Amino acid sequence: MIQLYRCVVTMITKENIDAYIDKIPPSPEILNETIALLRVGDLVKAAKVAQNDLALKSYLKSIVNKPIYGFKNEVSDVGQIFGILGVSLAQQSVYNYMISLLNPKKWVLFKLNSSLFHDLQANLSKKWENILKHLGCKDTNVYAAITLLSASIIVAEALFAQKEENVALLRSAKALDYNTILVRLCGMGLFDICGEIAQKWDMHPKIAQIIQAASGVKPSEDNEINNFGKWMHLLLFYELSQPEFIAAGLNDFVDFQPEYINDIYEDFASLMEIA
């Protein structure tokens with residue numbers, strides 16, 4: 001076990017993490033301009049800018065036409081898509097697109113593909129919207145925070161995929177989730193790295209604070225931030241417990257902290273209609 005742990009240690013260091021973050025490209029000019037316009041609520045101008053990025057346009061079309069959004073007829077025009085989504089979900093969708101740019105060409109650690117990963121993004125986004133409406137939150141930055149949960153999955157894939165067998169042995173012997181392994185090795189977890197990504201993309205500081213709280217092991221001293229973190233932590237485990245994501249190997253992604261979310265569980269179960 002000690003020899004195995006040393007093998008994993010040599011695989012992942014703080015330098016490896018820094019190198020990974022350095023490889024993440026800054027957001028392109030079109031995306032920056034689109035986000036800036038969405039932040040001030042100008043859906044019309046944002047759509048006109050966004051339609052110049054054909055890959056973004058294709059992504060938005062694929063996301064908004066997923067069954068979870070419930071549209072009977074296909075929606076393809078960016079202006080129409082943004083109009084349907086509204087400011088908060090439109091901004092969230094653009095951030096989700098930025099996260100999707102980090103997708104590996106081939107998933108190794110998790111049994112995912114682009115389509116299933118986009119399903120996960122859409123499911124998290126729509127359910128997070130329902131949660132925030134339930135909580136009476138209108139802050140677009142809080143809506144956007146959910147995008148970094150899917151980023152944490154990509155980070156785990158990138159850092160651990162090259163030594164899948166060693167990590168699997170370590171996890172089976174110690175029953176450790178990926179986040180705990182990374183924290184023990186480097187003093188930095190998956191949610192910390194997502195905070196670094198948020199900074200690189202000039203996302204609002206509140207977004208990184210919520211994602212840190214959502215880890216379940218770094219609660220915030222700010223009650224509002226902490227409450228959002230609890231709902232996000234529970235949403236992550238609820239979504240990853242769905243059959244398709246269990247099959248993908250995501251159900252043991254992060255250690256569930258039941259005591260952290262105990263005070264909101266009944267409210268969450270009622271909202272999600274959990275029997």
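**Entry 1: a charged pair across a loop**

I started with Glu74, which is exposed, at a relative accessible area of 59%. I note that I am working with a predicted model. Next I looked for a charged partner. The side chain of Glu74 meets that of Lys61 in a salt bridge, 3.5 Å from N to O. This pair links distant parts of the chain, 13 residues apart. Glu74 sits in the loop between α5 (54-64) and α6 (78-100), while Lys61 sits in helix α5. Lys61 counts as partly exposed, at 32% relative accessibility. I wrote a reminder beside this entry. Side chains of opposite charge can pair when their charged atoms come close.

How many salt bridges does the structure hold? I found nine. Another one joins the side chains of Glu129 and Lys133, at 3.3 Å from N to O. Both residues lie in helix α7 (residues 114-135). They are four residues apart, about one turn of the helix. An α-helix has 3.6 residues a turn, so residues three or four places apart point the same way.

Is Glu129 buried or exposed? Glu129 counts as buried because its relative accessibility is 7%, and the cut-off for buried is under 20%. Lys133 counts as exposed, at 54%.

I then followed Asp139. Asp139 forms a salt bridge with Lys206, and the closest N and O atoms are 2.9 Å apart. The two residues are 67 residues apart and link distant parts of the chain. Asp139 is in the loop between α7 and α8 (140-144), and Lys206 is in helix α13 (residues 205-214). Asp139 is partly exposed, with a relative accessible area of 25%. Lys206 counts as buried, at 15%. I also noted a network: Lys126, Glu129 and Lys133 are joined by salt bridges that share partners.

**Entry 2: two helices side by side**

Two packed helices are described by the angle between their axes and the distance between the axes. I looked up both values for α6 and α7. They pack at an angle of about 155°, and their axes are 11 Å apart. Angles over 145 degrees count as roughly antiparallel, and α6 and α7 are therefore roughly antiparallel to each other. The crossing of α6 past α7 is right-handed.

Which residues make the contact? From α6 I listed Leu89, Gln92, Asn96, Ile99 and Ser100. From α7 I listed Phe117, His118, Gln121, Ser125, Trp128 and Glu129.

**Entry 3: checking a helix length**

I checked helix α9 (residues 147-160) next. At 1.5 Å a residue, its 14 residues should span 20 Å. Its end C-alpha atoms are 21 Å apart, which agrees. α9 is mostly covered, with 13 of its 14 residues buried.

I finished with helix α3 (residues 29-39), where Glu29 lies. Glu29 counts as exposed, at 68% relative accessibility. Glu29 and Val49 are 20 residues apart in sequence, and their C-alpha atoms are 10.0 Å apart in space.

Thr34 lies in helix α3 too. Thr34 is buried, with a relative accessible area of 0%. What does Thr34 touch, not counting residues up to four places away in sequence? I listed Ala46, Val49, Ala50, Phe82 and Val94.

Notes
Residues are numbered from 1 along each chain as its sequence is written. This is a predicted model: local features need pLDDT of at least 70, side-chain atom pairs count only at pLDDT 80 or more; totals for chains, interfaces and linings use all residues. Side-chain values use heavy atoms; hydrogens and water are left out. A salt bridge is a side-chain nitrogen of Lys or Arg within 4 Å of a carboxyl oxygen of Asp or Glu. Buried means under 20% relative accessible area, exposed over 50%, partly exposed in between (1.4 Å probe, protein chains only). The expected span of a helix is 1.5 Å times one less than its number of residues. Axes are lines fitted to C-alpha atoms, for helices over the stretch in contact, and angles run from 0 to 180 degrees between N-to-C directions. Angles under 35 degrees count as roughly parallel, over 145 as roughly antiparallel, 65 to 115 as roughly perpendicular and the rest as oblique. A crossing is left-handed if the near helix is turned anticlockwise from the far one by less than a right angle, and right-handed if clockwise. Contact means heavy atoms within 4.5 Å.
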